Number of protein chains: 2
Amino acid sequence: MSHDAPAIPKLLRIQEVAAETGLTMRSIRYYEEMGLLAPAARSEGAYRLFDTDDLERLRFIAGLRNDAGFSLAEIGQLLEDEQTRQRNRERFRATADPAERAAVLGDALERVERQIATLERKRERLADMIDDAQRRRAHLRGHLEDVLAGRDPQHDTAGER
Amino acid sequence: MSHDAPAIPKLLRIQEVAAETGLTMRSIRYYEEMGLLAPAARSEGAYRLFDTDDLERLRFIAGLRNDAGFSLAEIGQLLEDEQTRQRNRERFRATADPAERAAVLGDALERVERQIATLERKRERLADMIDDAQRRRAHLRGHLEDVLAGRDPQHDTAGER
DNA sequence: TCTAACCTTCACGTTCGCGTCAAGGTGAAG
DNA sequence: CTTCACCTTGACGCGAACGTGAAGGTTAGA
C-alpha cells in the first residue's frame, strides 16, 4: 500500500529531457537563457527540474526551429504571445471596465492575427514550392513510364518554362 | 549604324537588382560566392550584370530563406537539383539505352520526392500552428463580442488547452 | 577630360545558435 | 563519509550569413 502519491508530477533532470526531446543540454539551457523557457523548477542545489509542460514547450520550440525554420527571436515572439495571453487573462479578470477589457482583447486579437498572417505567408510559399515539385514529379513519372514501356517520344517536356 | 539590337535583354547592375529584389548587394555577392547563382554576365570592367532570369532566381532564393527558413546549403541542394535536371536532360538525350535512361529518370524522381517530403513535413507543421492560432483567434473574437455586448460570462475559455 | 556615382575585391567585424572545455557544487548509493 | 555520475555557471570557439569599411578601378555625363 504505497500511499498513492497524489500530485507529484515526476520532474526530470536536464539530461533526461535532452534524451526525451532530442535536443542537447546546451540548447535547452540556451533556450532558457534566451527567455523561451519559464525558469523551470530548481532542486535544492540549483539543478534544473522539468515537468511535462516544459517537455511540450521544448518540443514545440524544436518543431518551430527544425520544421518551420523560425529563428529563436521569432519563436520568442510566438511564445511570448502565449504568456501575454495568460497575463492578459489576469488583467482581464482584474478589471470590470468593459472598455479596458475590450482593449485587452483587441490587443491580443491583433497579435494573433499578425501571427496568422506571418504563418500563412510562409505556408503559401511552401504550397507554391510543393506544387512546382509535384508538377516536376508528375513529369518525371510520365517520362519514366514512356521509357520503361519502350516508347521514345521526342516531346521533351513541352513547356519547359 | 547601330544594327538594331535584336535581343538585348536589358541587363541590370547589382544596385538595381538589390532594390528590385529587396536583397542587399552583399547578400547577392555572397550567394554568387556560395555558388547559388550562375556567374552572371560581366561588363568590360568586371561589373556584375544580371538578367531577368537572375532576378527570378534571386527572388526564389530570398523566398526560400525568408519565407521557408531554409539555409543556403539547403537552397543550394534545391537549386542544384534544377541544374542537375538540365544536365540529366542532356545525358538522357545523349543515350538511347533504355536502362540508362530509366536510371537517370529514377534518380531525378527520387530527388524530387525527397524534396516534396521535406517540404510537406514543413507545411504540416505550419498547418498545425495555423490551426492553433486560428482557434485562439476565434476564441478571442468570442470574448470580445461578449464584452462589447455588455455580457460578462464567467466561462473563462473553458478547455484551456 | 574630369568628376561623381557606381562598381570591384579583400578583409576584418558581428550576431546567432549552439559545441566544448574548465572549475567546481550536488545527490543518491554504498 | 566517500564516491561517482550528474549538475552548475562561466567563458572561449565556431560556422553561417551577412555588415562594414578600405583601397582602388569603371562608367556615364557635363
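Predicted model: local features only at pLDDT ≥ 70, side-chain atom pairs only at ≥ 80, totals over all residues.
## The surface near DNA strand C

H2(A) provides the largest share of the surface near DNA strand C, namely three residues. Sorted by class, the surface near DNA strand C is made up of eight nonpolar, six polar and six charged residues.

## How the two copies are related

Chain A is superposed on chain B by a rotation of 179° with 0.0 Å of shift along its axis, and the RMSD of this superposition is 0.5 Å. The two copies are therefore related as by a two-fold rotation axis. Within chain A, the C-alpha nearest that axis belongs to Gly69(A), which lies 2.3 Å from it.

The same surface serves both copies, in that 100% of the contact residues of chain A recur in chain B.

## Domains of chain A

Chain A is divided into two parts, with domain 1 covering 7-69 and domain 2 covering 95-161. Between the C-alpha centres of domain 1 of chain A and domain 2 of chain A there is a distance of 32 Å. Gly69(A), whose C-alpha is the one in chain A nearest the axis, is also the residue at which the 7-69 range of domain 1 ends.

Conventions
Residues numbered from 1 in each chain as written. Chains lettered and ligands numbered in written order. Least-squares fit on C-alpha atoms with pLDDT ≥ 70 in both. Contact = placed C-beta atoms within 7 Å. Domains from an automatic or database assignment. Helix = DSSP H or I, 4+ residues; strand = E, 2+ residues; numbered from the N terminus. Nonpolar A, V, L, I, M, F, W, Y, C, P; charged D, E, K, R; others polar.
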